[in-house]
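Consider how charged side chains pair in the model shown here. The paragraphs that follow take the pairs one at a time.

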Amino acid sequence: MQESAWGWLIITYLFLAGAGSGAFLAAVACDLLAPDWSKALARAGSLVSGPLVAIGTICLVLDLEAGLWEPWRQIYMVDNLRSMIAWGVIILSIFIPIALLYAAALNEISFIGKFANKYVRILEIGGSVFAVATATYTGVLIAVVNGVPFWNTPMMPVLFLASAISTGLAAAMILAAIIDAKTINTLSNFALGHVIFLSVEALFLMLLVFMSLTRSTEAAISATMLISGILSPYFWGLVVILGIVIPFILSIIEYLEYGQMPKALVVGADLLVLIGGMSLRALIIFSGTPPQII
């Protein structure tokens, strides 16, 4: 297997930006749809959202070595609006402050939060638009790479968006359980979200793999690498079984039993979703096969 030009810093960015934007959407959904009994989850989602995306963006900057040592060169990243990189920088630059301000508003952090709380609905509407854009952009970033046929498909942004919402919900649920242990019973209501978005993720992952088998020689090599090649133990073990199947089953049980499932299993299912989300991005990057090595 040829070593990928994209390494762990990019993979970490793809994961954290997705989870952070997904956590923002989970927080907004809770605050709008069930503000009475899902306040802890809304607060938790808002608190993790901005920091996760910010840390992911730092990883992206660190990967751009020239931009790290000569930071003034970052300005050149937005001078060409026909570049996807430029739009990514713009989206992240707008979303991170909105997410941090939203967290301050929901949690009433300092005078800034109390002031921002007056405009919380505006933050939710505008922030949701940029959260979807941030999550989708992580998939678009690799989907526009024409040199890697496995990545170059419109299914990639949809897959990454579904995974972002699922991992963001998981991150919010874990922090909610830490902030307020009593909220663990109400988290059962949100297990249905895992069921829905893990199903969407599984569907598009299956379509991506099986359509790649017939799309081109290079894409077929990448897909084969995942399902029966050198990466297959990680793909089936970490992504499919641990990251999708087990959390899917546990989420159904959690939803049906409504708060009766042991806390360790509730949090454990969310941890598995995060492990699966990180593994998914890593394996997609490492399985990318450029045409020139055929």
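**Salt bridges around one arginine**

E124 has a relative accessible area of 2% and is therefore buried, since the cut-off for that class is under 20%. The structure is a predicted model, and every value here is computed from it.

Side chains of opposite charge can pair when their charged atoms come close. E124 is a case in point: its side chain forms a salt bridge with that of R121, with an N to O distance of 2.8 Å. Both residues belong to helix α6, where three residues, about one turn of the helix, separate R121 from E124.

How many salt bridges does a search of the whole structure find? The search returns two. Besides the pair within helix α6, there is a salt bridge between the side chains of R121 and D31, at 3.1 Å from N to O.

Is D31 buried or exposed? D31 counts as buried, because its relative accessibility is 14%. R121, in contrast, has a relative accessible area of 43% and so is partly exposed; that class covers values between 20% and 50%.

Taken together, the salt bridges link D31, R121 and E124 in a network. R121 takes part in the bridge to D31 and in the bridge to E124.

Conventions: Residues numbered from 1 in each chain as written. Predicted model: local features only at pLDDT ≥ 70, side-chain atom pairs only at ≥ 80, totals over all residues. Heavy atoms only, no water. Salt bridge = Lys/Arg side-chain N within 4 Å of Asp/Glu carboxyl O. Buried < 20%, exposed > 50% of the residue type's maximum accessible area, 1.4 Å probe, protein only. Helix = DSSP H or I, 4+ residues; strand = E, 2+ residues; numbered from the N terminus.
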